[in-house]
Amino acid sequence: MKSKVYFSKTISAEKVLEMYQKLGKELTGKVAIKVHSGEEGNQNFLKPEFWKPVVDYVKGTVVECNTAYEGSRDTTERHLKTLKKHGWEDNFEVDLLDAEGPDMVLEIPNGKCIKKNYVGKNLANYDSMLVLAHFKGHPMGGYGGALKQISIGVASSYGKAYIHGVGDTNNFWNSDHDSFLESMADAASTISEYFKDNIVYINVMCNMSVDCDCCSVAEDPCMKDIGILISLDPVAIDQACLDLVYAATDDPGRDHLIERIESRNGVHTIEAAAALGIGNREYELIEW
């Protein structure tokens, strides 16, 4: 059975909230709102003001984790300063999930490449999750969307290194690339399983650079904005975003973004996640 992915060409803070309300899925209990806080110097990440209506509506807590590479978010002290500088703390309750250890360890019995996922221990305080993803390119993953947000995004600093290194934190930059993508899918499966039906995914296709919001020096967007997508299926929503990029044949920046995605075999994360049963690559795109 095809998964449902809902799509709007209108991009606004109000439209994000409208689509969440129309989806009709109530996130219960204490809600974690997974965002990308943005590396200092990055010009493309989606700012707190854009997400504010939907975050306020669900009465959630914005959550993030430290990075595993040098930058403005690689330690708790620096990340908290960045969260403050970028306005997250001024707008929301914020929880840095791995601010202090020990990590929570989630087992991956069916993992293809890794068998454990190390996440911020504060994840245990939440009953449901709203995943707010900025869809764009990525220097290593090819693209960044919902699956990246619940894999690398929820992993602790150590967990990020573990995923990148395919189980060997000392091999962060030199692991087999497809195995890294499969490790991301393995990690994503644990968050999907942890929250089960209490998770909603929103991808916003704007400011689409070939670079991620984790880059302090990122290329400016190369494609025109496309729209907002919402789904209960992380595989379907990411596949739909890729398909919308390919379908934008009249966009002069399309080929540049596609080159980034294909040169990193970005679709393989979707393939691996589907093989694990996280979601379905077959979907029905419903325009709202």
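The axis of a helix is here a line fitted to its C-alpha atoms over the stretch in contact, and the angle between two axes runs from 0 to 180 degrees between their N-to-C directions. The model on display is a predicted one.

**First stop: two helices**

Select residues 234-247, which form helix α8, and then residues 254-263, which form helix α9. Two packed helices are described by the angle between their axes and the distance between the axes. For this pair, the axes come within 9 Å and cross at roughly 140 degrees. Angles over 145 degrees would count as roughly antiparallel; α8 and α9 are therefore oblique to each other. The crossing of α8 past α9 is left-handed.

Next, show the side chains at the contact. On α8, select Leu242, Val245 and Tyr246. On α9, select Arg254, Leu257, Ile258, Ile261 and Glu262. Sorted by class, this contact contains 6 nonpolar and 2 charged residues, and no polar ones.

**Second stop: the cysteines**

How many disulfides does a search of the whole structure find? The search finds 0. Select Cys65 together with Cys214 to examine one case. Cys65 takes part in no disulfide, and the nearest cysteine sulfur, that of Cys214, lies 14 Å away. Cys65 is buried, and its relative accessible area is 1%.

Now move to Cys206 and Cys241.

Definitions and conventions:
Residues numbered from 1 in each chain as written. Predicted model: local features only at pLDDT ≥ 70, side-chain atom pairs only at ≥ 80, totals over all residues. Heavy atoms only, no water. Helix = DSSP H or I, 4+ residues; strand = E, 2+ residues; numbered from the N terminus. Parallel < 35°, antiparallel > 145°, perpendicular 65-115°, else oblique. Left-handed = near helix turned anticlockwise from the far one by under 90°. Contact = heavy atoms within 4.5 Å. Nonpolar A, V, L, I, M, F, W, Y, C, P; charged D, E, K, R; others polar. Disulfide = S-S within 2.5 Å. Buried < 20%, exposed > 50% of the residue type's maximum accessible area, 1.4 Å probe, protein only.
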